Amino acid sequence: MKLLKDKIASEGIVLSGQVLKVDSFLNHQVDPKLMQAIGREFTRRFSDEPITKVLTIESSGIGPGLMTALELDVPLIFARKQKSLTLRDDVFVEKVHSFTKQVTNEVTVSRRYIVPGDTVMIIDDFLAHGEAALGLARIVEQAGARVAGIGIVIEKAFQQGATRLQEAGYRVESLARIRSLEGSVVFEDEPADPSLTCRS
Ligand code: G4P
């Protein structure tokens, strides 16, 4: 997605060979027009799926997740990392370990909001090792619902997340795929974006 890659190239800050800082448009300050374009692009890519819910995880998944849900005209659910005040019986719970942050969170989703028969699109801002997406997919399956696919804003293709998700049988659509962060951002080559095709 050219708009996103241009934004990463102009505003992304490489913090190390492993971590990209995108606080100016995704992880702290949020660019609404870019989120809207991201929502439209995920909707276009998953137009063959009868999606009934979008599922993401707090906090940075909420921006792109909400704009995708708006475009699809379905509800957005965000998994919580904070302990719920409601009874444990009311929620699906999965442990999600972050290798990047070296913490394990118990993420929860109310049983009221994902139900058998739902077709769920999972959205997240970054894909690194795939732990968050796999945890969300397990929650969808606990609910007896189906995962339509996993939409990622920025995939770090030099880490194992996409391979793990694909090996687990999930369709992964990443809008920007980063090959390396050694000094500067290098993107994976991608097929031409059809939305940029000239029309006569
Ligand atoms: P994984 O789910 O794919 O295994 O990823 P990992 O555990 O390694 O990532 C955990 C957290 O770190 C996530 O945020 C993820 O978005 C973030 N993260 C991973 N790699 C990068 C990176 O290169 N740059 C930035 N900016 N963030 C990265 P989180 O804990 O869920 O926080 P937030 O959503 O509240 O921001």
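Predicted model: local features only at pLDDT ≥ 70, side-chain atom pairs only at ≥ 80, totals over all residues.
A pocket here is an open set of points on a 1 Å grid over the protein atoms alone, where a 1.4 Å probe fits, with protein on both sides within 12 Å along at least five of seven lines.

I then listed the lining, meaning residues with an atom within 4 Å of a point. The lining holds 35 residues, and S98, T100, K101, D125 and F126 lie nearest the pocket centre. By class, I noted 15 nonpolar, 11 polar and nine charged residues; Asp, Glu, Lys and Arg count as charged, Ala, Val, Leu, Ile, Met, Phe, Trp, Tyr, Cys and Pro as nonpolar, and the others, Gly among them, as polar. β7 (119-127) is among the elements that supply at least two lining residues each, and β7 gives the largest share, four residues. Elements are DSSP runs numbered from the N terminus: helices are H or I of at least four residues, strands E of at least two.

**Ligand.** I found 22 residues around the ligand, of which L20, K81, T100, G130 and K156 come nearest; a residue qualifies with a heavy atom within 4 Å. For polar contacts I took pairs of N or O atoms within 3.5 Å. A polar side-chain atom of K81 lies 2.7 Å from a ligand oxygen, and a side-chain N or O atom of S98 is 3.1 Å from an oxygen of the ligand. K156 places a side-chain N or O atom 2.7 Å from a ligand nitrogen.

**Charges over rings.** I required NZ of Lys or CZ of Arg within 6 Å of the ring centre and within 35 degrees of the ring normal. R171 lies over the face of F46 at 4.4 Å from the ring centre, and K5 over that of F187 at 5.3 Å.

**Backbone.** I recorded a cis peptide bond between E58 and S59, with omega about 0°. S59 sits in the loop between β3 (53-57) and α3 (62-72). D73, which is not glycine, has a positive phi near 60° and belongs to the loop between α3 and β4 (76-79).

**Conventions.** Residues are numbered from 1 along each chain as its sequence is written, and side-chain values use heavy atoms, without hydrogens and water. Local features need pLDDT of at least 70 and side-chain atom pairs 80 or more, whereas totals for chains, interfaces and linings use all residues.

Definitions and conventions
Polar contact = N/O pair within 3.5 Å; in protein donor to acceptor, adjacent residues only side chain to side chain.
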